[in-house]
Amino acid sequence: MEFDLENPLTSLEEHQADTIPTLFASEWDHMPSLNFLHGFISRDLDISFRQEALSSILQAQFSCNFDPFTMYLAVNYMDRFISNQGMPQGKPWISRLVVLSCMSLAAKMRNTYFSLTDLQGDEGLIFDAQTIQRMELLILSALNWRMRSITPFSFIYFFLSFIQFKDPTSKHSLKDRATEIIFKTHGVKLLGFKPSLVAASALLWASHELFPLQFPSFRDAIFSCEYVDKANLLSCFEAMQDMVMDWYESMVDSVLSSTKTPISVLDRHCTRTESEKPTSSLAMTTTNASLQ
């Protein structure tokens, strides 16, 4: 049976009342340890390892036709395993084996067919099935066999229930945009925030983009949730805001890099000026919310 990241505890779209407390109580068990996060902050751990791992996982997504949820699950396994076992040092082949094994486990949990040949690609050391299976068992043990990860997607429907939609398509649009934001902001900055806070922040950002008139009421409703710490949510929201704006700017850079003319430079200046406007207004909205 395929594991659904949006419903880790139930097969129903709408969460049953008795599953909500379990979700919030269990999310810490599906996060990297605090020492792992502090290591990134203090630069004791090499961030380039995670960046290379994410690049390998992205390549596998295309070569094996994995969906984004499979990739997100693989990264969750990898972060949790490394936080438990430590960063492999001086043995690049171990790092590659860990990444491959996490992808293999995620694909199996998602009931997705894949070929080990396609998974490993044409570059680097090629591992046989037995070697990958042994590493899979080590990962399973390190994660205490908690493979039905609680992720931000697990809380999307819960927080969506806080807002009333006259048009069902609006609900789907908001959900799809929040999901896209979660995929785009899967970086180190958000590793220290609980999945529920990441989900709430993504929905808030998406609602600000798509339904700015309804944003204040949606924001206030989420702030009133008994499971949400307001201060932590604001911190998570601000971190996500920075990552989204960085992503927007990188997209503009990639488009303009092919035509470096005086006109394109002027366009770049205007684009940056315009892109800063929603950031300022959103920051003001966040500040006002924190004062309420």
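At what angle do helix 3 and helix 4 pack, and how far apart are their axes? Keeping in mind that this is a predicted model, select residues 47–63 for helix 3 and residues 68–85 for helix 4, and you will find that they pack at an angle of about 150 degrees, with axes 10 Å apart. Because angles over 145 degrees count as roughly antiparallel, helix 3 is described as roughly antiparallel to helix 4. If you turn the view to look across the pair, the way helix 3 passes helix 4 is a right-handed crossing.

Next, show the side chains where the two helices meet. From helix 3, select Phe49, Arg50, Ala53, Leu54, Ile57 and Gln61, which meet Pro68, Met71, Ala74, Val75, Met78, Asp79 and Ile82 of helix 4.

Now select asparagine 65, which sits in the loop between helix 3 and helix 4. Its phi is near 60 degrees, a positive value in a residue that is not glycine. Most residues other than glycine have a negative phi. Asparagine 65 counts as exposed, because its relative accessibility is 67%, above the 50% cut-off.

A second residue with a positive phi is tryptophan 145, where the value is about 60 degrees although the residue is not a glycine. Look for tryptophan 145 in the loop between helix 7 (129–142) and helix 8 (156–160), where it counts as exposed at 58% relative accessibility.

Move on to histidine 186, in the loop between helix 9 (168–184) and helix 10 (195–210). Is histidine 186 buried or exposed? With a relative accessible area of 18%, histidine 186 is buried, since buried means under 20%. Apart from neighbours within four places in sequence, histidine 186 is in contact with Arg50, Leu54, Tyr72, Val75 and Met243; among them, Arg50 and Leu54 belong to helix 3 and Val75 to helix 4, in the contact you have already visited.

For the last stop, which residues touch the most other members of the largest nonpolar core? They are Tyr77 and Phe159, in a core of 84 residues.

Methods
Residues numbered from 1 in each chain as written. Predicted model: local features only at pLDDT ≥ 70, side-chain atom pairs only at ≥ 80, totals over all residues. Heavy atoms only, no water. Axes fitted to C-alpha atoms, helices over the stretch in contact; angles between N-to-C directions. Helix = DSSP H or I, 4+ residues; strand = E, 2+ residues; numbered from the N terminus. Parallel < 35°, antiparallel > 145°, perpendicular 65-115°, else oblique. Left-handed = near helix turned anticlockwise from the far one by under 90°. Contact = heavy atoms within 4.5 Å. Core = buried A, V, L, I, M, F, W, Y, C linked by side-chain atoms within 4.5 Å. Buried < 20%, exposed > 50% of the residue type's maximum accessible area, 1.4 Å probe, protein only.
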